[in-house]
Amino acid sequence: MNKPIFYFCREVLLEYSKRTREVTKGLLSGISAGLGLDHSYVERALKLDSGFQIFAANLYPPCPQPELAIGLPPHSDHGLLTLLINNGVSGLQIKHKGKWFNVNNDIPNSFLVNTTDQLQIFSNGKYKSVEHHAIVNNAVTRLSVVVANGPSLDAVVEPAYKLVTEEKCPPKYIPMKYMEYLEMQQGNQIGGKTCLDKIRA
Ligand SMILES: O=C(O)CCC(=O)C(=O)O
Ligand SMILES: [Fe+2]
């Protein structure tokens, strides 16, 4: 029986997921301190040692009429931080103040990092989950490789209690198990940041 292509890449994928997990932990430790929390607060609260990772590869072939193609529709990612690389062809756009901006990550050997939904919830809105989409072009194939890094599936995610006060800074989101959020997001039609709207307090 033919083995799937991923069978042959599994050693590399395993190593890649281990290393991207470490990069994510390092970034989240800095973010934790930046929020005024202990360095290891995010790691402990969201059980990052058993954090959930998704690896995805996206292929965007050239399209004769790119203005008519959807590419990847607007969305935000569900986890904490998403690490992206591509084959040097631009196509990713992020939304800022209602406008789309090109993201040209042309720094060699670097990751583009998107902040995502669980970080917006945990930081009580201090970090915004980035709304993004991918467009296509009529000349060259684009490839992107994505690792989405989330909390542990059984972690209940809510605004960190040290960041909320009943009067001045009430929690903006209701607590929800990451697994349930993920199921809700995956069961939804892809579009903008609509899942976050569903769990507003
Ligand atoms: O292709 C890209 O640059 C973006 C991919 C993406 O947003 C995703 O897979 O969630
Ligand atoms: Fe995405």
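**Entry 1: starting at H132**

I opened the model at H132 and found this residue in strand 7. A reminder to myself: the model is predicted. I then checked burial. H132 has 4% relative accessibility, so I noted H132 as buried, the cut-off being under 20%.

**Entry 2: who sits around H132**

Next I listed the contacts of H132, skipping neighbours within four places in sequence. The list has P73, P74, H75, S76 and D77, then L92, Q93 and I94, and finally W100 and N114.

**Entry 3: the iron site**

Which residues coordinate the iron ion (ligand 2)? I found H75 through NE2, D77 through OD and H132 through NE2, at 2.1 to 2.3 Å. Along the sequence, I wrote the spacing of these donor residues as H-x1-D-x54-H. D77 and H132 link distant parts of the chain, being 55 residues apart. I placed D77 in the loop between strand 2 (72–75) and strand 3 (81–86), while strand 7 with H132 covers residues 132–134. Is D77 buried or exposed? I put D77 down as buried, because its relative accessibility is 13%.

Last, I turned to the second largest pocket, which holds about 260 Å³ of space. I counted 14 lining residues there, and I85, N86, N105, I107 and S110 are the closest to the pocket centre. Sorting the lining by class gave me six nonpolar, seven polar and one charged residues.

Methods:
Residues numbered from 1 in each chain as written. Chains lettered and ligands numbered in written order. Predicted model: local features only at pLDDT ≥ 70, side-chain atom pairs only at ≥ 80, totals over all residues. Heavy atoms only, no water. 1 Å grid on protein atoms, 1.4 Å probe; cavity = no way out; pocket = protein on both sides within 12 Å on 5 of 7 lines; lining within 4 Å. Points joined across faces, edges and corners; volume = space filled by probe spheres on them. Nonpolar A, V, L, I, M, F, W, Y, C, P; charged D, E, K, R; others polar. Donors = N, O, S within 2.8 Å, 3.2 Å for Na, K, Ca; no water. Helix = DSSP H or I, 4+ residues; strand = E, 2+ residues; numbered from the N terminus. Buried < 20%, exposed > 50% of the residue type's maximum accessible area, 1.4 Å probe, protein only. Contact = heavy atoms within 4.5 Å.
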